[in-house]
Amino acid sequence: YTMNGAVTFEHVTFQYPDTAAAVLHDISFETKPGTTVAIMGATGAGKTSLVGLIPRLYEQNAGVIKIDGTDISTLNTEYLRDSIGYVPQEIILFTGTIRENIAWGKEDATLDEIIEAAKLAQIHDTIIQFPLGYDTILGQKGVNLSGGQKQRLTIARALVRKPCILLLDDSTSALDVRTEASLLQALRNISCTTFLITQKISSTLHADLILLLEDGSLLAQGSHEELIADCALYQRIYES
Ligand code: DCP
Ligand code: MG
């Protein structure tokens with residue numbers, strides 16, 4: 001079967017093997033397929049740790065994580081990671097063509113698939129402006145991309161695998177508001193459940209669900225309107 005991408009956390013607690021204290025405490029939330037979930041919180045709040053549990057990069061110590069109602073600990077790890085696109089906080093590009101960089105990890109991707117992923121990631125128009133287009137070489141001997149262009153290239157890399165769930169760890173921080181909105185709309189159009197770690201209120205405005213983490217606990221969750229009405233910390237972030 002193919003995933004719909006409804007993710008549920010039930011009382012999830014997580015601690016790294018080598019640390020004394022839990023970094024996530026009793027986290028519960030539920031997403032609907034194809035929706036946008038924004039994760040906010042100060043540095044060290046546990047945002048990266050939370051999304052890393054979804055493709056089982058780590059195992060929680062307590063609680064259950066489900067995708068489409070199935071406990072992910074019963075799913076084949078390869079299948080799980082094939083269905084989940086992960087764009088890590090640290091961008092990794094190598095000396096090679098744009099095409100090779102997007103296809104990294106899926107070397108059998110066709111040019112059509114690469115272009116489709118680049119269009120979704122809102123980077124196609126930039127790529128075709130280079131004289132060599134998708135054959136443009138990146139790195140020391142080639143073109144240097146801006147921070148936001150690099151972010152979109154790594155998002156395209158995740159999308160070429162056609163994931164049902166996409167994890168974006170601070171991957172839109174350098175994008176302008178309009179480009180980010182176009183990206184989120186494109187992901188909605190293909191019904192890809194998107195977890196977007198962000199510090200920007202502009203990204204949470206259109207999220208279906210906002211998770212606000214503080215010191216590993218879920219301080220508040222809801223829509224922008226709900227959090228503006230109920231959550232003092234969110235109000236402070238909004239006004240700052
Ligand atoms: N931590 C740890 N071992 C790791 C990674 C993190 O002990 N391998 C700790 C550091 C923090 C806590 O876990 O105290 C949460 O770390 P996260 O990376 O999940 O925090 P954020 O992603 O929210 O922080 P940032 O915004 O800086 O990326
Ligand atoms: Mg992080």
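Predicted model: local features only at pLDDT ≥ 70, side-chain atom pairs only at ≥ 80, totals over all residues.
**Ligand 1**

Select ligand 1 and show the residues around it: Tyr16, Thr19, Val23, Ala42, Thr43, Gly44, Ala45, Gly46, Lys47, Thr48, Ser49 and Gln89. By class, this shell holds four nonpolar, seven polar and one charged residues.

Next, display distances from the oxygen atoms of the ligand. A polar side-chain atom of Lys47 is 2.7 Å from an oxygen atom of ligand 1. Two further contacts involve the backbone. At Gly46, a polar backbone atom lies 3.0 Å from a ligand oxygen, and at Ala45 the corresponding distance from a polar backbone atom to a ligand oxygen is 3.3 Å. On its own, ligand 1 exposes 590 Å², and the protein buries 64% of that area.

**The largest pocket**

Now select Tyr86, Val87, Pro88, Arg157 and Arg161. Among the 17 residues lining the largest pocket, these lie nearest its centre. Two elements, β6 (84-87) and α6 (147-159), each give two or more residues to this lining. Colour them separately to see what each brings. Which of the elements gives the largest share of the lining? Strand β6 does, with four residues.

The space in the largest pocket is about 390 Å³. Colouring its lining by class gives 10 nonpolar, three polar and four charged residues.

**The second largest pocket**

Clear the selection and pick Glu113, Glu116, Ala117, Leu120, Leu159, Val160, Lys162, Pro163, Cys164, Ile190, Ser191 and Cys192, which line the second largest pocket. About 180 Å³ of space lies in this pocket. Show helix α4 (residues 111-120) as a cartoon: this helix gives the most to the lining, with four residues. Eight residues of the lining are nonpolar, one is polar and three are charged.

**An aromatic pair**

For the last stop, show the aromatic side chains. The structure holds six aromatic pairs. One of them is formed by Phe9 and Phe29, whose rings are stacked, with 4.6 Å from centre to centre and 20° between the planes. Phe9 lies in strand β1 (residues 7-14) and Phe29 lies in strand β2 (residues 24-30), so the pair ties together parts that are 20 residues apart in sequence.

Key: Residues numbered from 1 in each chain as written. Chains lettered and ligands numbered in written order. Heavy atoms only, no water. 1 Å grid on protein atoms, 1.4 Å probe; cavity = no way out; pocket = protein on both sides within 12 Å on 5 of 7 lines; lining within 4 Å. Points joined across faces, edges and corners; volume = space filled by probe spheres on them. Nonpolar A, V, L, I, M, F, W, Y, C, P; charged D, E, K, R; others polar. Near = heavy atom within 4 Å. Polar contact = N/O pair within 3.5 Å; in protein donor to acceptor, adjacent residues only side chain to side chain. Areas by Shrake-Rupley, 256 points an atom, 1.4 Å probe, with all protein chains shown as cover. Phe/Tyr/Trp six-rings, centres within 6.5 Å; stacked < 30°, edge-to-face > 60°.
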